[in-house]
Amino acid sequence: NVEAGQVVKITCKTSSSVPASIVTWHTRAHLLGDPSVKHSPGLYGGTITESKVKVRPEAEDNGLVVVCEAENGLGVTVSTNITLNVLHGPVWLFTPSGMLNVLEGGDLTITAEAMANPGPVTYTWQRGTVTLVGKEEEAGSGQLRLRRVGRHMAGTYTVTASSSRGSVNASFIVDVQYGAENITAPKRVLVDQNDTATVLCSASGNPTPNVTWSRDSDDTSVVLSWGVGEAYLQVEWSTPSDTGIYYCRASNLVSSPPSVATAIVVTQAPTSASSLLEEEEVAGRSWAVVGGNGLLDCRVKASPRPTFEWIAEDGPITDNNRKYDIHVPQLMDSVAEWSSVLEIRSVTAGDFTSYTCVATNPLGSYTLNYTLSPPTHPGTPLSLNVTAVSDTTVEVRWSDFTVGPRPAGYTIRYRTTTGQRHYELVDIPGTNITSLVIEELKPGAEYSFSIQSYNEQGRVYHTSPPVVVIMSEAEDDVVVVEERPKGISFIVFLLIAVTGGVLIVLNIIGVLCFLRRRSYFQEFAASSCKSSAYEVPSPSQVDNLSLSSSDDIPPPDYEQVMGSCRVGSFGGGSLQDLSLPSGSRGTPSLARSSPVVTSSSTISN
């Protein structure tokens, strides 16, 4: 046993030898140098060699084998081994270091492992000064398991490994990552013309999100400015065209939440909300029935907020009578579009006239004209389209009118262009319907379609010219009908069919039997020619023959069956080729030079 870091002197002493032994030291990895050597006289005139080496083992040298070898040039080497048992406190084999990233809401398992001699090693875990409960594994490592990690669990952690000979610790950081959030930007920013508007947008998140400004609501627009964690939008030399909605976006590797909108409003005199209108033109028409209420909506763009004045033919309208009600102006788009509504109560025929709206702010004024009219028939539908869906079905689609009262419904009329004088009419009540499917038309026919709208005041003309559609030809299905002979009942017809089928099966069986029998006879004839040309005496008969003289005892008869045949060698002798006339008998003799034929001999074709 040796303490880690302690210098140890190891001695190796040889027996007496002639010549003196040379001692070397080594481990598995390398040689150990600078040993001290001492020689002393030994038995029989030999020399004893004593070698000493110093080592300073560390914890990782525990179990190291040091080898001492001695040899004196006579071809014999002797050695001895020394195993170091290094005593030491815990030493880290593996520990988390640096920063561990984990998504918010996820799980994290942290492992640390140390060795000590003697063991065992125990582990303690801390977050800051708070002690946490870990777990020792059978393999000797320690684990800390964090479930559903939250932001409050981020910070510096410490793991301590302890044994009977001391302790060591290691620190690391757990970084809990979460998406961009808390995107902050002003909802509305006012700036004078020719001045600079500066708008700050900031966001938080881990990692710190990238922040960008753009003009449009989608991600395809040009980035006006960007930054990490925050971004400044600057609009220099502001003009009314810079008025609008600007969008701030924040995103990181975890998420990209919806953008935040900021309205930048450049001060400006009132102008029409519609870019197609000039000042004092008729900005709109409104319809009302006698006895009902009429509404006129005046809209302008202005900043700062404008005031509105309504003027009828007989002079300015005040808001303190029962006839008129001027609604409180409203900001319609959260930017600079303002609306003032004039409500005319209990409409009479004299109220169907022109009205003037004047919007004013410190930078100027703007005038718009409106007209209140009695109700009329609705506008004509636009963009009538007819599509053939099949050879008997079409789909009719149309767009609503551009101006005029709302319709109460529509009527579609259609007919073939040849051979039909009267129209088919389809009534479609409702105001939000813009399509219809018409079925049961004639395949291959040519149809014309038109549409009209209607309300309580009447109907407009059908659209002209009509839309013409040619239906496709129908595809005739080919049906194959098998007729049975007339005058024969179904049962008789079935019996005849079954009988005919049985006869066909019997014929097939007969043909197969004939072919099988013929094949059998052909194989039999072939095998007879090949294997039964001659009879050969059995081994027992041959054993009883005397070989002293072939003339004393005649050999057994050989009977020719058919033709001539060659018999191969057997045992040590052979049967010569024999060829006898058909139908004759003979007694061929065995050759004298043949050895004794035993009963184990075989004959092969």
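**Reading rings, cores and a surface patch**

Ring pairs link Trp125, Tyr157 and Phe172 into a cluster.

Q: Before we start, what kind of model is this?
A: A predicted one: local features need pLDDT of at least 70, side-chain atom pairs count only at pLDDT 80 or more, and totals for chains, interfaces and linings use all residues. Residues are numbered from 1 along each chain as its sequence is written, and side-chain values use heavy atoms, with hydrogens and water left out.

Q: How do I read a ring pair, and how many aromatic pairs does the structure hold?
A: A pair of aromatic rings is described by the distance of the centres and the angle of the planes. Here, rings of Phe, Tyr and Trp (its six-membered ring) pair if their centres lie within 6.5 Å; planes under 30 degrees apart are stacked, over 60 edge-to-face, and the rest tilted. The structure holds 7 such pairs. Take tryptophan 125 and phenylalanine 172: their centres are 6.4 Å apart and their planes at 75 degrees, so the pair is edge-to-face. Tryptophan 125 sits in strand S12 (residues 122-127) and phenylalanine 172 in strand S17 (residues 166-184), so the pair ties together parts 47 residues apart in sequence. (Strands are DSSP runs of E, at least two residues; helices are H or I runs, at least four; both are numbered from the N terminus.)

Q: Is tryptophan 125 buried or exposed?
A: Buried means under 20% relative accessible area, exposed over 50%, and partly exposed in between, with a 1.4 Å probe and protein chains only. At 0%, tryptophan 125 counts as buried, and phenylalanine 172 is buried at 1%.

Q: Which angle do tyrosine 414 and tyrosine 447 show?
A: Their planes are at 55 degrees and their centres 6.2 Å apart, so that pair is tilted.

Q: What about the largest nonpolar core, and which residues have the most contacts inside it?
A: In soluble globular proteins, nonpolar side chains tend to be buried together. A nonpolar core here is a set of buried Ala, Val, Leu, Ile, Met, Phe, Trp, Tyr and Cys residues joined through side-chain atoms within 4.5 Å. The largest has 22 residues, and Trp310, Ile317, Leu342, Ile344 and Tyr355 have the most contacts inside it. Among the elements giving two or more residues to this core are strand S32 (337-344) and strand S33 (354-361). A second, separate core of 21 residues includes Leu144, Leu146, Val159 and Val176.
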